[in-house]
Amino acid sequence: MTQLDQAFAALADPTRRGIVLHLARGEASVSDLVGLFSLTQPTISSHLKVLESAGLISRSRVAQLRPCKLETEQLKAVTDWLEQVQEIWESNYKRLDALLDELKQAQKEDRKK
Amino acid sequence: MKPAEVSTPSDREVLVKRSFDAPVNLVWQAYTDPVLMRRWLAAMPGWSMPVCEMDIRVGGRYRWRWRDENGQEFGFTGEMLEVELHSKIVHTQLYDPGDCDFGSMGGEPSIITVTFNETNGITNVATLIKYASMADRDAAMSTGMTEGMEMNYQSLDGVLAG
């Protein structure tokens, strides 16, 4: 499994997405997250382990509280891919919008006849 | 209409949601009539779709092929697994590399589920792509990777909320 695979797998879980979203606003300690998500400390810790091994977060080895920090590079790889996919689909859908307008117009004119 | 929303509900899936300002019968037509499909369904910008064959019934097969201006081609083929008029299409999808070298996209077919849902003249379309394995999704993903985009927390919020 590549690290990008791991990142996607890690982000497939709603709690872990919530943690990442929270860390996007700034660093947080395990106890901050325990309070925020109303989950037990072992549960939060296991989520953090998954995020850490996927390269999405890092944890300070220095400070005693070991605050968690978002690793934006890895998250960027994920969002870049999603943006790319989104652009391809959206460019198709814009053509589909135009086609549907045409079909609606044709249907209206048919009804007038 | 709001732009398409892309999310990854699991490590093997990609979900794309979009609404269209049209009744479901017209959206269905645009998704199933080859003449109409060729007008909007491009695998990549700038590619034409010389082949679009559809047999919309359970067990029916389809074949899509795109060509770029240099004449190189690739496509998808598959079989219809479920067809519910104006509501749902489930089909397999196998990558046919043609003469394009996009790398392997995996040998196992993906399963595509498209659901249609009309409310007050607006049709919501959800497309769920389920890859045969995470490796297949990884291969499909790596073909679309680009460099140099800036981190965008706004789009991140959308992705993560999905």
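Asn92(A) is buried, with a relative accessible area of 7%. Buried means under 20% relative accessible area, exposed over 50%, partly exposed in between (1.4 Å probe, protein chains only). The model is predicted: local features need pLDDT of at least 70, side-chain atom pairs count only at pLDDT 80 or more, and totals for chains, interfaces and linings use all residues. Residues are numbered from 1 along each chain as its sequence is written, chains are lettered from A and ligands numbered from 1 in the order in which they are written, and side-chain values use heavy atoms, without hydrogens and water.

Asn92(A) sits in helix H5 (residues 72-112) of chain A. Helices (H or I, at least four residues) and strands (E, at least two) are DSSP runs, numbered from the N terminus. Leaving aside residues up to four places away in sequence, Asn92(A) touches Trp40(B), Leu41(B) and Ala42(B). Contact means heavy atoms within 4.5 Å. Leu48(A) is 44 residues from Asn92(A) in sequence and 38 Å away in space, C-alpha to C-alpha.

Leu48(A) is one of the buried residues of H4(A), along with Ile44(A), Ser45(A), His47(A) and Leu51(A). They cover an arc of only 160 degrees around the axis, which puts them on the same side of H4(A). The arc is that of the directions from the helix axis to the C-beta atoms. An α-helix has 3.6 residues a turn, so residues three or four places apart point the same way. The face turned away from the buried side of H4(A) carries the exposed Pro42(A) and Lys49(A). Cover for the buried residues of H4(A) includes helix H1 (3-11), helix H2 (14-23) and strand S1 (57-59) of chain A. Just after H4(A), Gly55(A) takes a positive phi of about 80 degrees.

Now to chain B. Its elements are four helices and eight strands. Buried residues make up 45% of its 162 residues.

Eight strands form an open sheet in chain B, in the order S1-S2-S8-S7-S6-S5-S4-S3, with antiparallel pairing. Two strands pair if DSSP finds at least two bridges between them. Strand S1 (5-7) and strand S3 (48-54) of chain B are the edges, each pairing on one side only. Six bridges join S6 (residues 88-96) to S7 (residues 110-119) of chain B. Thr92(B) stands opposite Ile111(B) in S7(B).

H5(A) packs on this sheet, touching S1, strand S2 (13-20) and strand S8 (122-130) of chain B.

Conventions
Axes fitted to C-alpha atoms, helices over the stretch in contact; angles between N-to-C directions.
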